[in-house]
Amino acid sequence: RPARARRTSFSRAMEYFPSHAGGDRAAFAGKTLVLPAVGHGNVGQLAVDLMIQTLVVDRLASGTSRLGCLDHPSVLPCVGTDAFAPIGGNRGTREQRGAPVPTPGPTNGAGPHRSCRDPSGSLATSLELHGDETALPGVVFLQQRGDVVCGGSNRFAIDLADFIETCKFGKVVVIASLPSTAQNGSGETIGDTRFRHARVVETSGGEMTEATFAFATHEDLRWTKLGACTIEPDSVPTDAPDKFSLPPWSLLRALAKVSSRKNTRGEKIELGIDVSCLVAVCSEGDNSDDAARAAETTSLFLEIQGARSHDVQEGLLRRSGPLLRETWSVPSSWRGAYGRGAAKRAMFA
């Protein structure tokens, strides 16, 4: 009797399960994908949460923002209740936020009586795509809640880049974070979050040699005018052999590889994917305000209606004022992140 092949954790690649017709892969062609890289302080994940809640869910009259779910063997599974049921009283009115006032009716294939504010029957999973053409045309968000298993970062990044390629996204923006100690010799103090942008490009590689990749050194004026200059060389482990094995570098390298693919005749195939990465260099703690700044900077970069462009002065995103509370809706999944209120004194009597 032949021995059965041993099944490994990497025996299958990325799988996608659309929630409705609006989530079909063909519908993503030419659109912008915004996604986090799980890292220090979870700034990327928190920023994507704020953007989904504020720019999509809050603008829906009914229906759900979820386009579909993804599954990958390298991502730890998790499940929870609806992550985007508004807590309430977070921000001003729709008119003040610049968002269009929706008309009643079903969207995204959901029933006419299902409100996007009704969390019943909706579960959140490890990897989800969110968006709505009525609420925010041309932009899709990928939220990652499950961590990547040890040693699986490269495999996950490669398969995710392949998924992005098959969907024919036109632009990809990765929101990532690094520890404030990553920049050696920096005069910045710990706790003073600063934003940088990064990009990985192909540096060499011919018909007989394997392509090599490096970090782009030139400024991207689209980011620098928003106060996010090019990431400093000492923030990136350029000398380490495994420098591209951790997020966000693993994903940026995988996307650079996708963009530099060649056909059977050795000719480079131009896929036209515009890839960039916003990096928050921060300290761990309550990073909700860092997430709000990252969401705001990304919204301005993408020229999304409703972003506080009037607060960008002399190339710097203004830090004064309660940016999180005034501009962004806090999703219900944040409700118990730091407890549900002060403990009663009787507990310590």
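Mentor: Let's start with strand E9, residues 194–198, which is joined to E12 by 2 bridges, the two running parallel. One of the contacts to look for is Arg196, whose bridge partner in E12 is Cys229. Strands here are DSSP runs of E with at least two residues, helices are runs of H or I with at least four, and both are numbered from the N terminus; two strands pair if DSSP finds at least two bridges between them. Keep in mind that this is a predicted model, where local features need pLDDT of at least 70, side-chain atom pairs count only at pLDDT 80 or more, and totals for chains, interfaces and linings use all residues. Residues are numbered from 1 along each chain as its sequence is written, and side-chain values use heavy atoms, leaving out hydrogens and water.

Now zoom out: E9 and E12 belong to an open sheet of 9 strands with mixed pairing, in the order E1-E3-E6-E7-E2-E8-E13-E9-E12. Strand E12 (229–230) and strand E1 (15–18) stand at the edges with a single partner strand each, so one side of each has no neighbour in the sheet.

Helix H6, residues 288–301, packs on this sheet and touches E2, E8, E9 and E13 (contact means heavy atoms within 4.5 Å). The direction of H6 makes about 155 degrees with that of E13; axes are lines fitted to C-alpha atoms, for helices over the stretch in contact, and angles run from 0 to 180 degrees between N-to-C directions. Helix H1 (residues 43–55) lies across E2, E6, E7, E8 and E13, running at about 135 degrees to E7.
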